[in-house]
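Hi,

Here is the structure I promised to pass on to you. Have a look at it first, then read my notes below.

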Amino acid sequence: MSLLAGTRSNRTFVPSGNIAQLRESATIAASARAKALRAAGRAIIDLGAGEPDFDTPEFIRRAAQRAIDAGATRYTATEGILPLREAIARRASEMGAEIPPGNVVVSTGSKQSLFNACFCLFGEGDDVLIPTPSWTSYYEMVSLSRANAVPVYGDPASGWKVTPAMLEAASTSRTKGVMLNSPCNPTGAVYSREELTALLEVAQDRGWWVISDEIYRAISYGDAIATSALDVASSLDRIVIVDGVAKAYAMTGWRIGWAIAPRELASAMTALQSHTTSNAAAPSQHGALAALTNREEASTSIASMVAEFRRRRDAVIAIVRGEPELDFVEPEGAFYLFARVGGDDPARDDGAAFARRLLEEHEVAVVPGSAFLTPGWVRMSYAAPIAGVIEGTRRLVTLWREINGR
Ligand code: PLP
């Protein structure tokens, strides 16, 4: 729902042109509805939220507590404390090109890094290609920058991934950039090294900026961790890598993300941030520093979280495979199952109707695909205790059978 539509009857507040098209986050709305029903006493299984259900590892919590006691309670440099930017740059440099800490900007979650990058790069008259389905906020961030968000639909038969030819076909002389996200929210698809290389090549040939959102990179189920654009790009001149601690380290509430960008863009993003939020919370920066520098402890906790996600993913896949006609993307990363529950007609919005019935009649919350511009689909998160994930998946299949007369 447009915020404007929701406030028309309110005489005191008339939304500015800046937010006239803004829609509330459908993923957050779905989660809020589930929480409200739960508060009213319903035993809702919430598979809507995209948030690890684990506690932040103890070594990170302790490091932040120590930092607070040692006085990390004041403003820091807008772009983040130097040791954290050095740690981010060091890890990035291990993948290939030397990245100086001056190219790193730490923000209040990777969401802010993405917004800062869009706002600094794109503007009126620019087209920005968004492989679709994609995380709901990209469309809004591009629109808030007054640029034109251009959905580029991938092929459902290959996890909705896009190819260079699809990007080229959707491009015009106004195309300024492309948003990439691997592993992908909402599909769980992961671009192979070759696929990512090919996308970066076309972007480079055409002079487009690439914003590569790699927030789920540590959560992948293949033999190796998902490929980073840093690893395969032949030039980093027009590439922004966005990452953070939220998903890999179960640190969603700490709000630390970062961008690695060419120096001039990094400076512009810092200047923008200096007028909005200033630095990300100082204790959180120290927590993130501990996460990135205590490598042994960090890799042990990431490995155990990913092993648990994999166990749930395998359980989910085993259940949905029991219904051969139910189409879904086999997740190779992140923690979502993306399943087709109806037709593509946006006017009917089968995915929203399905999600509503699943919640009201079967007490399971999922996110309707219309949030990602694919109305015939739903996204189910398996970042929840396994018993609920298994039961929720069974109920999803039950409702699908009911609707399809099986
Ligand atoms: N990018 C994607 C694809 C996401 O799914 C999310 C959160 O759900 C984010 C970025 C935001 O992460 P953060 O908590 O670091 O702002």
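Domain 1 and domain 2 bury about 2800 Å² between them, and 62% of that is on carbon and sulfur atoms. Buried area here is the accessible area (1.4 Å probe) that two parts lose on being put together, summed over both. E332, F372 and L373 supply 20% of the area that domain 1 buries against domain 2, more than any other three residues.

Before you go further, keep in mind that this is a predicted model: local features need pLDDT of at least 70, side-chain atom pairs count only at pLDDT 80 or more, and totals for chains, interfaces and linings use all residues. Residues are numbered from 1 along each chain as its sequence is written, and side-chain values use heavy atoms, with hydrogens and water left out.

So which stretches make up the domains? Domain 1 is 21–55 + 298–396, and domain 2 is 70–294; such bounds come from an automatic or database domain assignment. Their centres, taken over C-alpha atoms, are 24 Å apart. In contact across the boundary are 34 residues of domain 1 and 37 residues of domain 2, where contact means heavy atoms within 4.5 Å.

What holds polar atoms together across this interface? The rule finds 15 residue pairs in polar contact there, both residues at pLDDT 80 or more. (A polar contact is a pair of N or O atoms within 3.5 Å; within protein, one must be able to donate a hydrogen and the other to accept it, and residues adjacent in sequence count only if both atoms are side-chain atoms.) On the side of domain 1 that touches domain 2, α12 gives the most, with seven residues. Helices (H or I, at least four residues) and strands (E, at least two) are DSSP runs, numbered from the N terminus. The residues on that side divide into 20 nonpolar, six polar and eight charged.

**Salt bridges**

How many salt bridges does the structure hold? There are 22, each being a side-chain nitrogen of Lys or Arg within 4 Å of a carboxyl oxygen of Asp or Glu. Across the interface of domain 1 and domain 2, though, the rule finds zero.

One of the salt bridges pairs E360 with R33, with the closest N and O atoms 2.9 Å apart. E360 sits in helix α13 and R33 in helix α2, 327 residues apart. E360 is partly exposed at 34% relative accessibility, and R33 is partly exposed too, at 40%. (Buried means under 20% relative accessible area, exposed over 50%, partly exposed in between, with a 1.4 Å probe and protein chains only.)

Another joins E323 and R401, whose closest N and O atoms are 2.8 Å apart. Is E323 buried or exposed? E323 counts as buried, at 8%, while R401 is partly exposed at 32%.

**Two buried residues**

D350 lies in helix α13 and is buried at 15%. Not counting residues up to four places away in sequence, D350 touches V341, G342, G343 and P375. T227 is in the loop between β6 and α9 and is buried at 11%.

Cheers

Note on methods. Ala, Val, Leu, Ile, Met, Phe, Trp, Tyr, Cys and Pro count as nonpolar, Asp, Glu, Lys and Arg as charged, and the others, Gly among them, as polar.
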